[in-house]
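Here is a short briefing to read alongside the model. Take a look at the sequence and structure first, then follow the notes below.

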Amino acid sequence: MDVQRSRKATAATSSHRVVGCTYPLKKVYSSMTPSTPNSRGALQTVILMGLLVGTLDITSAFISYYISSGGKNPMAVLRFIATAAFGKEGLPDNAMLVWGLVFHYIIAFSWTILFFIIYPILPFLQKNRIVTGILYGAVIWLFMNLVVLPLSKLPSLPFRPLQASIGMSILIVAIGLPLAFITHRFYKQKG
């Protein structure tokens with residue numbers, strides 16, 4: 001009888017191998033299951049992080065575009081985002097702006113959710129928040145520019161090192177670092 005209880009207790013708290021790392025997955029799932037009080041904290045944290053990093057990113061993109069274009073309307077950034085899905089002549093201008101903003105936040109929330117899920121599973125992400133934020137921002141830039149944009153309806157653009165470094169820096173500062181610090185704090189409080 002005691003042996004069965006011991007096995008059940010061990011199974012409930014055991015670590016599972018995930019991508020070469022061990023981590024008690026029960027801890028990750030328990031903070032996200034709708035039936036637990038922690039789920040509201042996790043959901044609220046993810047929503048606020050997604051809104052924060054999405055807003056920081058789009059604001060930085062607007063400022064960068066305004067400066068680099070010599071004062072042109074930064075709403076062109078939203079048109080550019082929507083053009084990736086609908087093509088150049090896809091929708092009326094106002095609809096393109098709205099869809100650009102919607103797509104932007106969907107992408108920001110996707111990267112936020114991914115980071116929130118993988119953070120407790122991959123222990124190396126927890127070692128240094130600054131390095132983690134820099135690497136995650138760089139990964140986002142690489143994936144968006146080498147995978148997503150080539151698959152979109154946008155014409156291929158020439159590689160410009162200055163624009164690439166500005167774009168990657170924006171993603172590091174506006175998305176990578178905030179996600180690393182806020183996610184670290186969330187999981188540290190959950191203990």
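Asp93 counts as partly exposed, because its relative accessibility is 39% (buried is under 20% relative accessible area, exposed over 50%, partly exposed in between, with a 1.4 Å probe and protein chains only). This is a predicted model, in which local features need pLDDT of at least 70 and side-chain atom pairs count only at pLDDT 80 or more, while totals for chains, interfaces and linings use all residues. Residues are numbered from 1 along each chain as its sequence is written, and side-chain values use heavy atoms, with hydrogens and water left out.

**The salt bridge**

- Asp93 pairs with Arg79 in a salt bridge, and their closest N and O atoms lie 2.4 Å apart (the criterion is a side-chain nitrogen of Lys or Arg within 4 Å of a carboxyl oxygen of Asp or Glu).
- The two partners sit 14 residues apart, with Asp93 in helix H5 and Arg79 in helix H4.
- Arg79 is also partly exposed, at 26% relative accessibility.
- Searching the whole structure turns up one salt bridge.
- As background, side chains of opposite charge can pair when their charged atoms come close.

**How H4 meets H5**

- The axes of H4 (residues 76–86) and H5 (residues 93–118) come within 7 Å and cross at roughly 85 degrees; axes are lines fitted to C-alpha atoms, for helices over the stretch in contact, and angles run from 0 to 180 degrees between N-to-C directions.
- H4 and H5 are therefore roughly perpendicular to each other (65 to 115 degrees; under 35 is roughly parallel, over 145 roughly antiparallel, the rest oblique).
- On the H4 side, the contact residues include Leu78, Ile81 and Phe86, and on the H5 side they include Met96, Trp99 and Phe103 (contact means heavy atoms within 4.5 Å).
- By class, this contact has ten nonpolar, three polar and two charged residues.

**Thr83**

- Thr83 belongs to helix H4 and is buried, with a relative accessible area of 13%.
- The Thr83 side chain reaches the backbone oxygen of Arg79 at 2.6 Å.
- Leaving aside neighbours within four places in sequence, Thr83 is in contact with Lys88, Met96, Lys153 and Leu154.

**The whole chain**

- The protein chain has seven helices and two strands (DSSP runs numbered from the N terminus: H or I of at least four residues for helices, E of at least two for strands).
- Along the sequence, the pattern is α-β-β-α-α-α-α-α-α.
- Of the 191 residues in the protein chain, 34% are buried.

Notes: Ala, Val, Leu, Ile, Met, Phe, Trp, Tyr, Cys and Pro count as nonpolar, Asp, Glu, Lys and Arg as charged, and the others, Gly among them, as polar. A polar contact is a pair of N or O atoms within 3.5 Å; within protein, one must be able to donate a hydrogen and the other to accept it, and residues adjacent in sequence count only if both atoms are side-chain atoms.
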